[in-house]
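Let's take a walk through this structure together.

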Amino acid sequence: MTVKLVRMWSGEDVIADITEENSDSITITDPIVAVPSQQQGQIAFAPWSPLLQRDKLEVTKKYIVYIADPQDE
C-alpha cells in the first residue's frame, strides 16, 4: 500500500492509495479529500468522488501539481 497526498490543479488535496503509475497517469483507490471542518482551524475528510462506482480511478498527470507523503497525524 502506497498512501500519498496528491495535490490537484483544482486546489484539492486528495489522499489515496496509488496502485499504479506510468508516464501519463496514476491509478488510485479509496480517494478522500480534505475539507474545512465546522470547528475552526481543523479539517475533516470526505470521499473525493462520492458517486464513483469504480474500485480504481485513473488520474491524468497533467491535472496533478505534486505527489507527496501525507502527515502521519
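**From surface to core**

Start on the outside, where Trp9, Tyr63, Val65 and Tyr66 form a nonpolar surface patch with about 460 Å² of accessible area together. Keep in mind that this is a predicted model. Tryptophan 9 sits in the loop between strand E1 (3-8) and strand E2 (13-21). Is tryptophan 9 buried or exposed? Its relative accessibility is 61%, so it counts as exposed, the cut-off being over 50%.

That loop belongs to a hairpin: E1 and E2 have 4 residues between them, and glycine 11 in the turn shows a positive phi of about 100°. The two strands run antiparallel and are joined by 5 bridges, with valine 6 standing opposite valine 14 in E2. E1 also pairs with strand E6 (residues 64-68), again antiparallel, over 4 bridges. Here arginine 7 has tyrosine 66 in E6 as its bridge partner, and Tyr66 is one of the patch residues we began with.

Now head inside. The largest nonpolar core has 12 residues, including Val6, Val14, Ile28, Trp48 and Leu57. E1, E2, E3 and strand E5 (56-60) each give two or more residues to this core.

One last stop is aspartate 30, in strand E3 (residues 25-36). Aspartate 30 has a positive phi of about 50°, although it is not a glycine. With a relative accessible area of 61%, aspartate 30 is exposed.

Note on methods
Residues numbered from 1 in each chain as written. Predicted model: local features only at pLDDT ≥ 70, side-chain atom pairs only at ≥ 80, totals over all residues. Heavy atoms only, no water. Buried < 20%, exposed > 50% of the residue type's maximum accessible area, 1.4 Å probe, protein only. Patch = residues over 30% accessible without salt bridge, like charges linked within 9 Å, V, L, I, M, F, W, Y side chains within 5 Å. Areas by Shrake-Rupley, 256 points an atom, 1.4 Å probe, with all protein chains shown as cover. Salt bridge = Lys/Arg side-chain N within 4 Å of Asp/Glu carboxyl O. Core = buried A, V, L, I, M, F, W, Y, C linked by side-chain atoms within 4.5 Å. Pairing = 2+ DSSP bridges.
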